Amino acid sequence: LTLRRGALAGEAGALRWGLDLSAHRPGSALLVVSVQRGGQEVFQGEAVIAVQGRQRPVQLVQNVTLDGPEGRAQVSLDPRVAQLEAPRRIFLRLIPGLAAEATLSLRGLARQPTGCFEQTTAATYPSALVLALGAQSGASPSILSEAAAHAEAGAERLRRFESPRGFSLHPGEGADPWLTALGLRQLSRLANVISIDATRLSRAAAALVAWQEPDGSFPIGAFVGARAPKAHLAVSATACEALAAYLQRPGQPDAPQIKAALERGLDYLVAQIPRARANVERAYLARAFLVGQRIEQAEALLPQLVSKVLRPGPELAKWSGEWSLTGAGEEAATIEATALIVQVLNGFEHGQLVREALAWLAKQRRARGFGGTQATILALEAFLAGGRRQAEGVLEIAVGRSTRPPLQLEQDLQIQVLGDNPAGQEAYFREALEQGLSLSFRGLGTLQVQIVAEGEVPYETPW
């Protein structure tokens, strides 16, 4: 944008303009001011001005859990919904059973891999799970095709971070032991759903073994060392899991050197059990023992894990996360610790505690995952490990005084749209906002209900 003005004779004061700009999206613009006298430019200046914009799209999600055989809830919509400008809509996502929570997340998270090594693995993992679950994920053929394309792209993109020493965070950087363990696990997962060169897999496994110390441990490395300096045991446990996953692949040929390295690593972890003080340390150790078929050692850690459970609400359970391997904040670290412990408890007689922890995890889901890359991966693994039950029964919905026809829940029922306001449903919207929603579930299992409001708000409005 350029503004020009011819200077009057004898004029020497400051020039001021009032400028009123609006935009649909926030951004900036360059303002150029030019002053001319006698056809010649005597002054030119420029400044970057911010454009706040007019409005922004938002999505507000509220989670409700209804447990059979008779679950009821009266839900008031979040008052921030009233700030939405037309077009607006409110709808419910009905998620029968906690396993469906995971598959719904998968379809939303599967995307084209981009970014650094960790971002690439986090973007590729959901696509690999969608393909592994196949029809069980509720995905359509087109979604499965898209997931296959993302998985192929992720496998190819991982080559950027590979070297003879393993995997690095960015191309050309030095390899890291923990990232090498994640890379081997990712390739092993992908090899179950797409074609991965066996030589590439064996090369990644050999690179990880090369990091192993004489006592069986694995070094913490620069990536984790800068983010979680106390995570030595967790890194060694992750490396053991990666080696076990590689060896347990269907059709995997005998690899005595890799197997010997795994046994040395597990022996080291057994000796370190007394040193494990944090919930997340014990969880990583126990999961490595389960994957590595050291069931007795995994079971020995259960009493300490169960005794540290927290109760954030009725029939909800979680475990505090003292730290995260990726340096994520407290919220993501707690999701990671809880998801790890769910995977451990699921292998033993702790079904009620697993269900309560999964119910808490379901409430932590956001539009793009569960608070961080590793937190999302671990949460999905927890749902798939412990959330196989589906809800069966009837859901009745009342919006204010208006009762909707009962919904007979089936395994594949995921989304039920309740309202689209632009088509003359303003009265419905107002009634739902003022009087709330009444939900009644009769049947067996657990039903996750997400109340979603979508629309736009002015940029200056807090959200």
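Hi everyone, let me begin with R442, which is partly exposed, with a relative accessible area of 34%. Please keep in mind that this is a predicted model. R442 meets E396 in a salt bridge, 3.3 Å from N to O. R442 sits in strand β13 and E396 in strand β9, so this pair ties together parts that are 46 residues apart in sequence. E396 counts as partly exposed too, at 28% relative accessibility.

Now over to helix α9, residues 279-291. Its partner here is helix α12, residues 330-345; the two pack at about 40°, with axes 9 Å apart, and the crossing is left-handed. On the α9 side, the residues taking part include V280, Y284 and L290, and they meet L340, I341, Q343 and V344 of α12. By type, this contact has eight nonpolar residues, two polar and one charged.

R287 of α9 is one of the contact residues, and R287 also forms a salt bridge with E241, at 3.0 Å between the closest N and O atoms. E241 belongs to helix α7, 46 residues away from R287, and both of them are buried. The two are part of one network with R185, R189 and E381, joined by salt bridges that share partners.

Beyond its close sequence neighbours, R282 touches A276, R277, L301, Q304, L305 and K308.

Over the whole structure there are 14 salt bridges. Thanks, and I'm happy to chat!

Key
Residues numbered from 1 in each chain as written. Predicted model: local features only at pLDDT ≥ 70, side-chain atom pairs only at ≥ 80, totals over all residues. Heavy atoms only, no water. Axes fitted to C-alpha atoms, helices over the stretch in contact; angles between N-to-C directions. Helix = DSSP H or I, 4+ residues; strand = E, 2+ residues; numbered from the N terminus. Left-handed = near helix turned anticlockwise from the far one by under 90°. Contact = heavy atoms within 4.5 Å. Nonpolar A, V, L, I, M, F, W, Y, C, P; charged D, E, K, R; others polar. Salt bridge = Lys/Arg side-chain N within 4 Å of Asp/Glu carboxyl O. Buried < 20%, exposed > 50% of the residue type's maximum accessible area, 1.4 Å probe, protein only. Lists of a residue's contacts leave out its neighbours within four places in sequence.
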